[in-house]
Structure formats: structure tokens, C-alpha cells
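Work through the exercises below with the model open beside you. Try each task before you read its solution.

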Amino acid sequence: MVSVRFAPSPTGYMHIGNLRTALLNYLFALSVQKRTGEKFRFVLRMDDTDTERSRPEYEQAVYEDMRWLGISWDRLEHQSARLDRYRQVLEELKQRGLVYACYETAEELEYKRRRQRARGLPPVYDRSGLKLSPEEKNELEAQGRRPHYRFMLEHKETSWDDMVRGHCSYNGAHLSDPIIVREDGTFPYMLPSVIDDMDFGITHIIRGEDHVTNTAVQIQMFEALGAKIPEFGHPPLLTGHEGKLSKRLGSLSSRELREQGIEPMTIACLLARLGTSDPVVVCQTLEELADHFDLTHFGRAQPHFDTDDLFKLNPRVVRSMSLPAVNARLKERGEPEISALFWAAVSPNIDQIADIAEWERICSSDERFSLNEQDRLFCRQAAALLPSGDFDETTFAVWTAVVKAETGRKGRDLFHPIRLALTGREQGPELKMLLPVLGRQKTIMRLQG
């Protein structure tokens, strides 16, 4: 079974970069299921060990954003509930000599890195902690220092075939032994993530390219724990107007886009293609979108995310929505359902669901719209020429042909006053489609003013 995971930190509202990671994992697993018929598992893991910055409202926002996008999960985990498991594995690694204590302060470590760079050397930790005697450690602790712990990497080549980047290889001698426990006893990202992926049976890890070096480190951790190594894919990070997308840089959050009328499938359709050379395909469900998804189509160049692209795509997505989907969205907004006749008429002029309310008001109200005296006289004459019987899509052409013959008006002089009288708008839906929606009585009322 393909098992993927999305591991957000509930320290802020999700931005587009976060949503993209969740979406790519989900679409990848869904596309495999559609090809093979085998079910997949999606694990949502809250990386909530940062107790100072994690907030319940941010966690709830993650659930809300995921459901809004149409992503469901089969398993929910919290790292804060698994600390005992991490400590257990840590002790095992200590007993095997794969973890060692270090006592440098952050300032001392930075000083070492600066000196290495000045000498043209890579800023790799020198393993000074391994050289400390028990007496030296006791002396440092007597001074009030507390140890942090590092995982000892093997100085060997670590390689994997990345689903996006192709063959990747790193030499452990060129990487710093990662800190896996801080001075205060808390766990940074590196080791808990490996333990979770091992325990939850994650088979494929799809995350941003900023984790590529982490992957080389974590593969050695998987090996040390005797775990099966997942497959990895590292799509390039999105860039925005301010550079790399980040909630700390104030990037637009998904909820802001939602409030501005962007549909979830608009985001999904764009993000599923951003970073590939494939054209955007307008789909109405993630299941449909998965038919067009291939992770290997992603290149290594950083794609640029522009909200203007969302606002250009959104009308295409909205206008292609089925009537039941539209009515479901209207229900969410607390607005009345619309008819198939009305949707067929107004959909070509709808950029977002919120626009429907304005056209519903225009079509259903008893409002009369003002015209100049000459156009009003013309519209009253046109009202008298309306054909008998119920209105349908052919009525407008038949009617205006008669009006043209009787009045001599044509082109804009013919159609513009009728549009203003019927809708009060310079532009809008095709009048041949709108006439059956308005009906005879309202049409005559507005033409006569």
C-alpha cells in the first residue's frame, strides 16, 4: 500500500506552499491508486513540538484548509503525544554509540563556522564533542552547561533516485552530524520525523527541495534503525513576489484566497501544473485531476507563483461547475439555490460564486432601470412587438428581427437600450438566454419602464 504523509507545524496559517505539499502527496497517491487499483493511506501528522508557537487555532485551520481543498486523511498523529517513543529510540542509539553529547553554545558553533568559511572549508561540525573526557563533561556541566546530542553520520556516500530530481548523492563526510536533541531536551525535526515515517509505514515522502540535504541525513537514520527507506521526491519550492513562500514572510494564506472568492479547485488545478511544462487542465474534483497528474513531469527550475494566475483561472473553474456543485457552494454561503435555466444564462459572466447573488437580484427584483427618453420610447415600442407564447432561446432572435424591421434600428442602437432596460447593465449574459429567465411579465414591465 502506498502511504504518504503531510506534516504541517501549527505555528501559523497555511500558505500556498503548504497546500501544494499536501496536494502533491494526495494527487500522487491517488494517481497510483487509479493506475493500480490499490488503496492508499494519507497520514496527517502535526509537528507540534514547538510549544511556544503552536496554537490550537492554527491546528484547526489546517483541518479546515485541508477539507476545503478536498483532501481527507486516514490517520491523524501529533508529535507532542509521541515524545516517549522518541526518547526510547534516542536511548537505543546512545547505547549503540551512534549519538554523542556536545556542549558548545550557539555562539561558539557560529564562530567555528565563520572560521571554516574564512579558510575556504565547508562549515561541517568538527566532532569536538567526541573528544571530551568524562571529567571534561562533568566540568562543563558544573559550569551550568547542558549537552545537546548529535547523530553520528557515517562518512560514506548516501544516494537515492529522487522522483523529481533524479539520482542524488551526498558524502557524509561533507555533512555536519545533525543535532537531534536540544540543550533543553526538546527534539528538533530530524529524528522524530524518521521515527514517525518508520512507525507509520510511510512509503513515499514528497516535500520541498529545501529538504534534499535532510534526506541524505535521514536515510542514514533509517538505516541505523533497520527501517525500510521510503522513496523521495523533492519538487522545487515556489517563489512569490517577496522570494521564497513562507508564512514568516507574510505570504498570502489559503484562507485569504478563500475570502477573495478563489475556488479550491482553482488552487488545485494551478498547483498541480506549476513547475511542469504541462498546460493547466480545468477539473472539478481531485479524482479527475489525478488522471492528469505525473510527479515525474516536475522540473528542477523554481516556478513562480502569482495570485493573478489564480484570478485568471478562477472564472474558468467556476463557469465549468455543475449546477449541483454550484448550489452546494451557495448553500455553504447561506444563499438560495438557483435553477438550471438561470445558471445556463449567467454562468459565462460569473468570475466567482459571489457574483451569482448580484445577477439573481437583477433577475428576480421588480426594479425598473432608467433610460433616456428616446430609448424609453423605443423600448415601449419593442415591448408591443414581443412574440406570443412562452420564451425560449429562439425568442430573442425572432423578436429583435421584427423590432429591427419595424423601427429601422440595428446593431448597438437596437440591442443596447434593450439590455439597459432589462438589466440596468452595460454588459452581461446573452439576452437570448436571459429572456426566458426574466419571463414575459418582468420583460414587459422593464421595457415599458
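## Exercise 1: A hairpin

β6 and β7 make a hairpin, and three residues lie between them. Helices (H or I, at least four residues) and strands (E, at least two) are DSSP runs, numbered from the N terminus. This is a predicted model, where local features need pLDDT of at least 70 and side-chain atom pairs count only at pLDDT 80 or more, while totals for chains, interfaces and linings use all residues. Residues are numbered from 1 along each chain as its sequence is written, and side-chain values use heavy atoms, with hydrogens and water left out.

Task: In which sense do β6 and β7 pair, and over how many bridges?

Solution. Step one: locate β6 at residues 157–162 and β7 at residues 166–171. Step two: read the pairing, which is antiparallel over six bridges. Two strands pair if DSSP finds at least two bridges between them.

## Exercise 2: A three-strand sheet

Task: What is the strand order of the open sheet of three strands?

Solution. Step one: the order is β1-β2-β3, with parallel pairing. Step two: find the edges. β1 and β3 (75–78) are the edge strands, each pairing on one side only. Neighbouring strands are turned by 25 degrees against each other on average, direction ignored. Axes are lines fitted to C-alpha atoms, for helices over the stretch in contact, and angles run from 0 to 180 degrees between N-to-C directions. Step four: look at one pair. β2 and β3 share four bridges in the parallel sense, and R45 stands opposite E77 in β3.

## Exercise 3: The largest nonpolar core

Task: How many residues does the largest nonpolar core have?

Solution. A nonpolar core is a set of buried Ala, Val, Leu, Ile, Met, Phe, Trp, Tyr and Cys residues joined through side-chain atoms within 4.5 Å. Buried means under 20% relative accessible area, exposed over 50%, partly exposed in between (1.4 Å probe, protein chains only). Step two: the core has 51 residues. F28, F42, M66, I267, L286 and L289 have the most contacts inside it. Step three: α1 gives the largest share of this core, eleven residues. Step four: zoom in on F42. Leaving aside neighbours within four places in sequence, its contacts include V4, F6, M66 and W73. Contact means heavy atoms within 4.5 Å.

## Exercise 4: Two helix pairs

Task: At what angle do the axes of α3 and α6 cross?

Solution. Step one: α3 (residues 83–95) and α6 (residues 190–199) cross at roughly 105 degrees, their axes coming within 10 Å. Step two: that makes α3 roughly perpendicular to α6. Angles under 35 degrees count as roughly parallel, over 145 as roughly antiparallel, 65 to 115 as roughly perpendicular and the rest as oblique. Step three: R85, Y86, V89 and L93 in α3 meet residues of α6, among them L191 and I195.

Now take α15 (residues 373–383) and α18 (residues 431–448). They pack at about 150 degrees, with their axes 7 Å apart. That makes α15 roughly antiparallel to α18.

## Exercise 5: One serine

Task: Is S193 buried or exposed?

Solution. Step two: S193 has a relative accessible area of 0%, so it is buried. Step three: beyond four places in sequence, S193 is in contact with R5, R45, Q79 and Q218.
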